[in-house]
Amino acid sequence: MHSLYARLNNFSAFLSSCLMGLLAAIALSSFLFTAEPKGELTLASVKVFPGSSRRMPTVKQEFTFVNFNISADLTPLFHWNTKQLFVYLQAEYVDSKGVQNDVVLWDSIIRRKQDAVLNIAGRNKYVFRDLSRSFRNAQAANYTLRYNLMPYVGVLTYGEAGRTSEPVPFPEPETVS
Ligand SMILES: *[C@@H]1O[C@H](CO)[C@@H](O)[C@H](O)[C@H]1NC(C)=O
Ligand SMILES: *[C@@H]1O[C@H](CO)[C@@H](O)[C@H](O)[C@H]1NC(C)=O
């Protein structure tokens with residue numbers, strides 16, 4: 001009786017260490033597939049408008065509107081351990097106070113390989129404003145297309161699939177009558 005129990009116990013310990021080994025192997029194998037897809041990110045227009053927010057109507061601040069084009073083939077990132085991709089467009093710039101800012105302007109979740117070829121003409125989905133309320137004297141911004149790969153097993157990996165070829169200055173605010 002005792003020996004049967006001990007044998008079962010050993011066997012299940014053996015099975016669970018097999019499972020751990022398998023999961024570790026899957027997680028490690030993801031590092032072998034370091035696909036680095038390259039896409040293109042171009043800006044169609046960048047415009048700055050003066051305005052105010054609904055919450056603080058008396059406080060003037062500037063808003064930037066970015067129209068962009070993305071063409072990227074992210075299918076190489078889909079392998080057996082890819083659960084989904086989080087893709088986002090980020091503006092990276094140093095503002096008038098010398099603070100480095102990374103602002104997410106647009107994002108998307110891709111769950112299937114057949115949806116991973118992107119041809120998008122879009123505009124920022126999230127409000128783009130600066131903490132100092134103005135983009136005057138901010139340095140030119142780099143715009144990047146980045147992704148997080150969420151695997152079934154293992155750790156999140158980060159990558160960059162494209163960036164504007166050179167920093168893009170913020171224009172003078174448009175005058176609104
Ligand atoms: C961006 O895409 C739009 C619509 O497809 C096109 O009219 C425009 O020329 C493109 N602009 C750039 C900079 O690629
Ligand atoms: C923008 O990109 C250029 C060249 O790639 C780099 O030298 C610069 O530091 C970047 N600026 C920011 C704010 O990340």
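A polar side-chain atom of asparagine 69 lies 2.3 Å from an oxygen atom of ligand 1, a polar contact being a pair of N or O atoms within 3.5 Å. Of the 360 Å² of accessible area that ligand 1 has on its own, the protein covers 33%, as given by the Shrake-Rupley method with a 1.4 Å probe.

The model is predicted: local features need pLDDT of at least 70, side-chain atom pairs count only at pLDDT 80 or more, and totals for chains, interfaces and linings use all residues. Residues are numbered from 1 along each chain as its sequence is written, chains are lettered from A and ligands numbered from 1 in the order in which they are written, and side-chain values use heavy atoms, with hydrogens and water left out.

Thr42, Leu43, Asn69 and Ala121 surround ligand 1, with a heavy atom within 4 Å as the criterion for being near. This shell consists of two nonpolar residues, two polar ones and no charged ones.

The structure holds nine aromatic pairs, that is, rings of Phe, Tyr or Trp (its six-membered ring) whose centres lie within 6.5 Å. One of them joins phenylalanine 49 and phenylalanine 65, at 5.7 Å centre to centre and 70° between the planes; this is edge-to-face, the class for planes over 60 degrees apart. The two residues are 16 residues apart in the chain.

| Residue | Strand | Relative accessibility |
|---|---|---|
| Phenylalanine 49 | E1 (residues 39-52) | 27% |
| Phenylalanine 65 | E2 (residues 60-73) | 31% |

Phenylalanine 49 counts as partly exposed, as does phenylalanine 65 (buried is under 20% relative accessible area, exposed over 50%, partly exposed in between). Elsewhere, Tyr93, Phe128, Phe135 and Phe170 form one aromatic cluster.

Conventions:
A polar contact is a pair of N or O atoms within 3.5 Å; within protein, one must be able to donate a hydrogen and the other to accept it, and residues adjacent in sequence count only if both atoms are side-chain atoms. Ala, Val, Leu, Ile, Met, Phe, Trp, Tyr, Cys and Pro count as nonpolar, Asp, Glu, Lys and Arg as charged, and the others, Gly among them, as polar. Rings of Phe, Tyr and Trp (its six-membered ring) pair if their centres lie within 6.5 Å; planes under 30 degrees apart count as stacked, over 60 as edge-to-face and the rest as tilted. Helices (H or I, at least four residues) and strands (E, at least two) are DSSP runs, numbered from the N terminus. Buried means under 20% relative accessible area, exposed over 50%, partly exposed in between (1.4 Å probe, protein chains only).
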